[in-house]
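Keep the sequence and the coordinates in view.

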Amino acid sequence: MDAVPARARGYVAAVALSAVLCLLPLPATHTPWGASTLLAALYAACEHAVRRRFGGTFYPVLLAGAFLLPPAAAALVPVPAALLSPVEHRPVLLRRVWRAAQPALAVWAAARTHCALGGEDAVVGSDFPSALLPAGAAVLVFCLVLTALDGGLRAAAGLLPLRRAWRGQLARTPAPVAVHGLAGLMMAVLWRSPYGPVAALLVLLPMGVSWWVFALYHRERAAHQATIRALVQAVDIKDGYTRGHSERVGHASVLIARELGMDDDRVEVLRFAGILHDVGKLGVPTRLLRKEGPLTPQERRIIELHPEYGHEMVRGISFLGEARAAILHHHERLDGSGYPYGLAGGQIPECARIVAVADAFDAMTSTRCYSRARPVEAAIAELERCAGAHFDPRMVGALVRALRRSGWHPAVTADEPAYGTPPAERTPSTGAPR
């Protein structure tokens, strides 16, 4: 992100200016500076601990500020944490400004909503369930503002087209933030109770436990990902002519999935599917993978077992989900002439149809021991020619649109070959790898 587009910089500047405008009423507002300072310090401490150990964002203190403070004062709570916390990537100043301005606007809007619905009186009087409605509305507004600002930045930075910048974002935000909002409401009620701020801090204990459990889940996921990397490295070592192919197929699968508007969870699964699609080659004799002459029918049948080998290897990795089906079926063809089961049309899982297009595209645009890389345009033309018979036209169209927008930079994945060597075994029309 060193070279941030001018539009993105302008967008961040506009959001920062809006946040400053939200803070302007502070001198004229009866601001409880003691509570504001304590909440800001507490939020900064929680953010530092959570980001350092878990890599997330801790909203209960922020939302407690929205329930306890005037809007302008609430907007000030996230600013010290953003300005003081370490930034790992450049540009540092721009990232700090964004980290301060985005939550400041979101918490300001939440506080305004909470006050407008009479939430302050409900919190002071510990009036349940009346306090839940304004708090719930405030949390919803908080989610909407965060999502709107985040989607706007994605679009301004050119990471996603404008029509898809917000797609699927809001559906994932309310559930976790609602839990944080409930904790924030409990903090606010205890803060206003005779027990005071000390009692309010006790709410953070169960939240800390939940973050610890969350961290354990992510450590387990990281262990699975390390296993995946090891498997891919093993495939690259065994079939050195396709070194890097798996990662590029994963990248192309992500391009297709995002163009189709899939949510981030499915995009991640498709990335894993692309990366692991050839893991079954570990069960194929190396001499067949590196054979430069034509394969015998028996040798071809052995190689065509690699999707089933791969499926067996990863079936115990539960978080892969539908990626396992992609590994098993990525050599099926739309007309039913593929393998291992000869599925046709809609019988082929969607994820497998995506990986099939990504796989063939990278094979055609990479230099192998038996073929020179084709230009991207030639590979696209070949995919479009085979769409409907071999490939799903919808997936081909999605990849073409993504490539038109972001381009493709294929790498040479083998030593310079002796061109003219006959391919060991390729799909006749596409040059797809065995």
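A nonpolar core is a set of buried Ala, Val, Leu, Ile, Met, Phe, Trp, Tyr and Cys residues joined through side-chain atoms within 4.5 Å. The model is predicted. Its largest nonpolar core has 62 residues. Val61, Phe67, Leu69, Phe142 and Met187 have the most contacts inside it. Several helices give two or more residues to this core, among them helix 1 (6–23), helix 3 (60–68), helix 8 (132–156) and helix 12 (204–238).

Take Phe67. Leaving aside residues up to four places away in sequence, Phe67 touches His114, Val123, Ala135, Ala138, Val139, Gly181, Gly184, Leu185 and Ala188. A second, separate core has 48 residues. Leu320, Val355, Ala358 and Val396 are included there. In soluble globular proteins, nonpolar side chains tend to be buried together.

Now turn to a helix pair. Helix 19 (residues 350–364) packs against helix 21 (residues 393–406) at an angle of about 50 degrees. Their axes lie 9 Å apart. The two helices are therefore oblique to each other. The crossing of helix 19 past helix 21 is right-handed. Helix 19 makes the contact through Glu350, Arg353, Ile354, Val357 and Phe361. Helix 21 brings Arg394, Met395, Val396, Leu399 and Leu403. By class, that contact has 7 nonpolar, no polar and 3 charged residues.

Last, the histidine. His329 lies in helix 18 (residues 323–329). Is His329 buried or exposed? His329 counts as buried, because its relative accessibility is 9%. Residues up to four places away in sequence aside, His329 touches Tyr341, Leu343, Ile348, Pro349 and Ala352.

Conventions: Residues numbered from 1 in each chain as written. Predicted model: local features only at pLDDT ≥ 70, side-chain atom pairs only at ≥ 80, totals over all residues. Heavy atoms only, no water. Axes fitted to C-alpha atoms, helices over the stretch in contact; angles between N-to-C directions. Helix = DSSP H or I, 4+ residues; strand = E, 2+ residues; numbered from the N terminus. Parallel < 35°, antiparallel > 145°, perpendicular 65-115°, else oblique. Left-handed = near helix turned anticlockwise from the far one by under 90°. Contact = heavy atoms within 4.5 Å. Nonpolar A, V, L, I, M, F, W, Y, C, P; charged D, E, K, R; others polar. Buried < 20%, exposed > 50% of the residue type's maximum accessible area, 1.4 Å probe, protein only.
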